[in-house]
Amino acid sequence: MPASATKSLRVAVLADSDTRWKWGALTAQRLAPAGAAIRLDGYLLRGRATPTARQLTEVGVPADSLREVTGVEFLRAMTGEPYDVLVLALVGGGVQAMLHGLRHAWGTGRRPVVVTGYVGVVYEKLADGLLLRHGADLVLANSAHDADRFRAVYEGVGADASAVTEVALPFLGGEPYAGEHEPSAKQGHRPYTVVFAAQPSVPDSRKDRAYLLDRLIGHARRHPEREVLLKLRSKPGEHTTHIEELPYQKLVQGRELPANFRLVYGHMGEVLDRTDLLVTVSSTAALEALHRRVPTVVLTDLGVREVLGNHHFTGSGCLASWDQLDAGHRPAPDPEWVARQGVAAEGSYANAFDAARERITGLLDRPGALPPLSPYYTPETAPGYLPGILARHHLGPDGAPLPGAPAADKEPGAVRQIVRRAARGAYRHGVQRVAPVIRRMGEL
């Protein structure tokens, strides 16, 4: 029976990191028809960035079930569970591999509506990432700006662009900024609060990260009446969507810090509740802040460059330097730019997912089975590229699991869990300790 008739929806989300789990799970909730009950089953793809229990708790999106799987285990699960919607919250190569694996697993039989998209701002590898996501029923674009770009890429290579669907970032929300905090009898004095939203891989050099840290600490010293917070994504040893070789927690060690400077973790929305000025290089947190009308600065100190991602904010009115901030600059975002970026600060956010809901309802109510998934990349169109992507997920050129692919039918035993933790620890040690040393040696 169609989901629109039963007023219930069974949704699966496959994610490969904490950030993508947050995006996928919240997207699943936003896509449910009004008044529909939703059962959400989460699958965490085993890999270097598989989120820890702490990271999942911090994300704060509950699921009816949640388990860690290999790609092949997931494909096997999808042949036995009658889902209505599947959200692939993965890096582009992972999406492409699962599309081919699911096409092989489902064949011409009944299948759920398959949805994918991007966690935040798309500022690099636009064509590569989009074509790896082609084949899903819905490819979500977080803004009108992105929707236009996505369609142009698909149409430019002769691929069907009808899957592109404009929505917004699913984690926007919270109370609008009401101005600088005033003292109250209940809360006492709440100082003007500056928050720097750190990113795991931007910038990526020790010199640039140390520079940003120095300027943030310097701002705290120049403004002792302010509270200055360094908002961190993860604790040492944890991984997020991007690899962090030089955590700020390590860079701050041994420094003399002013009393009004602190490192904080937690949900970004809760941090924004007390923020008067959000500062970042190019974090998606800037869009969250702009949605709530929190004054937001995207730093120009290291240049406005594609590699930093801050070029995305040209025309926003938010670009500024630490010198300007130290002198008291207050940014004024450009309303037209904000409207084009899906920030929905003017109040349209409540309807941002209507078109996607309507498309999903139409697909679910369609008589008979949906047509097989049809990615742009095939062994014929990309014979030198696609097989390698599929092989990384233990799939053959036709999407079938390769002989010997890891696909356990039960939870890993104690020995297997210990080996897995040791392997992850070795990988993270290599990323955070060994790789930077080798890089520095290469620069000698």
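Visitor: Welcome me in, please: how many helices and strands does the protein chain have?
Guide: This is a predicted model, where local features need pLDDT of at least 70, side-chain atom pairs count only at pLDDT 80 or more, and totals for chains, interfaces and linings use all residues. Residues are numbered from 1 along each chain as its sequence is written, and side-chain values use heavy atoms, leaving out hydrogens and water. Helices (H or I, at least four residues) and strands (E, at least two) are DSSP runs, numbered from the N terminus. By that rule the protein chain has 16 helices and 13 strands.

Visitor: What percentage of the 444 residues in the protein chain is buried?
Guide: Buried means under 20% relative accessible area, exposed means over 50%, and partly exposed is in between, with a 1.4 Å probe and protein chains only. Of the 444 residues in the protein chain, the buried ones make up 53%.

Visitor: How many aromatic pairs are there in the whole structure?
Guide: Rings of Phe, Tyr and Trp (its six-membered ring) pair if their centres lie within 6.5 Å; planes under 30 degrees apart count as stacked, over 60 as edge-to-face and the rest as tilted. Searching the whole structure this way gives a count of seven.

Visitor: How do Phe196 and Tyr248 pair, and how many residues apart in sequence are the parts they tie together?
Guide: Their ring centres are 6.3 Å apart with 80° between the planes, an edge-to-face pair. Both Phe196 and Tyr248 are buried. Phe196 belongs to strand β8 (residues 193-197) and Tyr248 to helix α9 (residues 248-251), so the parts tied together are apart in sequence by 52 residues.

Visitor: Which kind of pair do the rings of Phe313 and Trp337 form?
Guide: Phe313 is buried at 0% relative accessibility, and Trp337 is buried with a relative accessible area of 9%. Their ring centres are 5.6 Å apart and their planes stand at 35°, so the pair is tilted.

Visitor: Which ring does Arg133 lie over?
Guide: A charge sits over a ring if NZ of Lys or CZ of Arg is within 6 Å of the ring centre and within 35 degrees of the ring normal. One such case is Lys22, whose charged end is 4.9 Å from the ring centre of Phe171. For Arg133, at 3.9 Å from the ring centre, the ring is that of Tyr118.

Visitor: Where does Ala289 lie, and which residues is it in contact with beyond its neighbours within four places in sequence?
Guide: Ala289 is part of helix α11 (residues 285-291), and it is buried, with a relative accessible area of 0%. Contact means heavy atoms within 4.5 Å. Setting aside neighbours within four places in sequence, the contacts of Ala289 are Leu272, Leu278, Val294 and Thr296.

Visitor: Which residues is Arg226 in contact with, leaving aside its neighbours within four places in sequence?
Guide: Arg226 is found in the loop between α8 (206-222) and β9 (227-231). Its relative accessible area is 13%, so Arg226 is buried. Beyond those neighbours, Arg226 is in contact with Tyr192, Val194, His219 and Asn260.
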